Amino acid sequence: MNTYYKEWLDSGAAWMKVYRKQVLRKNIYFILPAVIVLLAAIAAGATAVNDGSAEDIAGSAFAGVLMGGALCLVFLLCLLPGLSPQRMRRNINRAVKLLQMSETEQEQLGREMLEAQKNPNRVLDYQVIGPNSKKTPARFLLSNGYTCLWGGYPLVILVRLSDVAEIRAEKERKTAVTHGAKTNTYHSFHLHTIIFYYKNSKQDGDNGMGFFDETIRDKVFEMLQKQCVGAIIPLKRDSADQ
């Protein structure tokens, strides 16, 4: 039986599938061949510097190709599970389960989100550009009763707007680590967030959406402000940001 909720799950899986295709095309046609050629050249060059024969140089180049191919295969095997359409389905279902939705509400959610995807004023597609993000895609969706973010951390964040007492835009200082062969590099950056404070909750922040780009955060905040003005704490910028 085809339901609104299942259609929305399918749309999430299709969204991830398109991105996976883009990533694979980029890696297979550009990055992976470059890695293989580079390793082959390094191996052949090292042999040539050591006065190796033409046969030795050819053998080293071939070994470099094999090593590069093996490394690329391991890379793809690590990459593909994270871009699986089924992973997207599981994460949507997990987010829905956290809200303890009935089947009726799931249908309502699916119907609203499918309608939101057709309205350019209720959907925002962008790339995540920040420490270790690798320009992954993200999508913000806003319906009458729900808001959802795909592509953040966790992969799917879903909020029932009727549960929300306040929505605030904030800024947090974070540190990211880039792991190198010999040393780790630490990056200090600001994470621009939208925090949802739930009704009848004593927690400081019940759920949140993080953005590396302040401009993207502000666009999302503006969309939320138009949808539920009463729950929004007006955006206040630090003097350093003005």
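**View 1. Leucine 114 and its surroundings in the predicted model.** Once its neighbours within four places in sequence are set aside, leucine 114 is in contact with Tyr4, Glu7, Trp8 and Ser11. The model shown here and in the views that follow is a predicted one. Leucine 114 belongs to helix α4, and with a relative accessible area of 14% leucine 114 is buried. A further distance can be followed in this view: leucine 141 is 27 residues from leucine 114 in sequence, and the two are 9.6 Å apart in space, taken from C-alpha to C-alpha.

**View 2. The largest nonpolar core.** The largest nonpolar core of the model has 26 residues, and those with the most contacts inside it are Trp8, Ile92, Leu109, Trp150 and Leu158. Two or more residues are given to this core by each of the helices α1 (4-49), α3 (85-98) and α4 (103-117) and by each of the strands β3 (146-150) and β4 (156-160). Helix α1 supplies the largest share of the core, namely seven residues. Apart from this core lies another one, of 24 residues, which includes Val164, Ile167, Phe196 and Ile216.

**View 3. Leucine 109 and its contacts.** Leucine 109 is among the residues with the most contacts inside the largest nonpolar core. When neighbours within four places in sequence are left aside, the residues in contact with leucine 109 are Tyr5, Trp8, Val96, Met101, Tyr146 and Leu158. Two of these partners, Trp8 and Leu158, are themselves listed among the residues with the most contacts inside that core.

View 4. The structure holds three aromatic pairs. One of them is formed by tryptophan 15 and tryptophan 150, whose rings are tilted, with 5.4 Å from centre to centre and 55 degrees between the planes. This pair links distant parts of the chain, since tryptophan 15 lies in helix α1 and tryptophan 150 in strand β3, 135 residues apart. Tryptophan 15 and tryptophan 150 are both buried.

**View 5. Salt bridges around aspartate 10.** Nine salt bridges are counted in the structure, and in this view aspartate 10 takes part in a salt bridge with lysine 6, at 3.2 Å from N to O. Because aspartate 10 and lysine 6 are four residues apart in helix α1, about one helical turn separates them.

**View 6. Arginine 160 and its partners.** The side chains of arginine 160 and aspartate 163 meet in a salt bridge, with 2.6 Å from N to O. Arginine 160 is buried, with a relative accessible area of 12%, whereas aspartate 163 counts as partly exposed at 26% relative accessibility. Elsewhere, salt bridges that share partners join Lys6, Asp10 and Arg89 into one network. Glutamate 105, a residue of helix α4, is in contact with Tyr146 and Arg160, leaving aside its neighbours within four places in sequence. Glutamate 105 counts as buried, at 19% relative accessibility.

**View 7. The hairpin of β3 and β4.** Strands β3 and β4 run antiparallel and are joined by five bridges, and tyrosine 146 stands opposite arginine 160 in β4. The two strands form a hairpin with five residues between them, and in the turn glycine 151 has a positive phi of about 95 degrees. Strand β4 is mostly covered, with five of its five residues buried. Val156, Leu158 and Arg160 point one way from β4 while Ile157 and Val159 point the other way, and all are buried.

**View 8. A charge over a ring.** The charged end of arginine 168 sits over the ring of tyrosine 197, at 5.2 Å from the centre of that ring.

Technical notes: Residues are numbered from 1 along each chain as its sequence is written. This is a predicted model: local features need pLDDT of at least 70, side-chain atom pairs count only at pLDDT 80 or more; totals for chains, interfaces and linings use all residues. Side-chain values use heavy atoms; hydrogens and water are left out. A nonpolar core is a set of buried Ala, Val, Leu, Ile, Met, Phe, Trp, Tyr and Cys residues joined through side-chain atoms within 4.5 Å. Buried means under 20% relative accessible area, exposed over 50%, partly exposed in between (1.4 Å probe, protein chains only). Contact means heavy atoms within 4.5 Å. Rings of Phe, Tyr and Trp (its six-membered ring) pair if their centres lie within 6.5 Å; planes under 30 degrees apart count as stacked, over 60 as edge-to-face and the rest as tilted. A charge sits over a ring if NZ of Lys or CZ of Arg is within 6 Å of the ring centre and within 35 degrees of the ring normal. A salt bridge is a side-chain nitrogen of Lys or Arg within 4 Å of a carboxyl oxygen of Asp or Glu. Two strands pair if DSSP finds at least two bridges between them.
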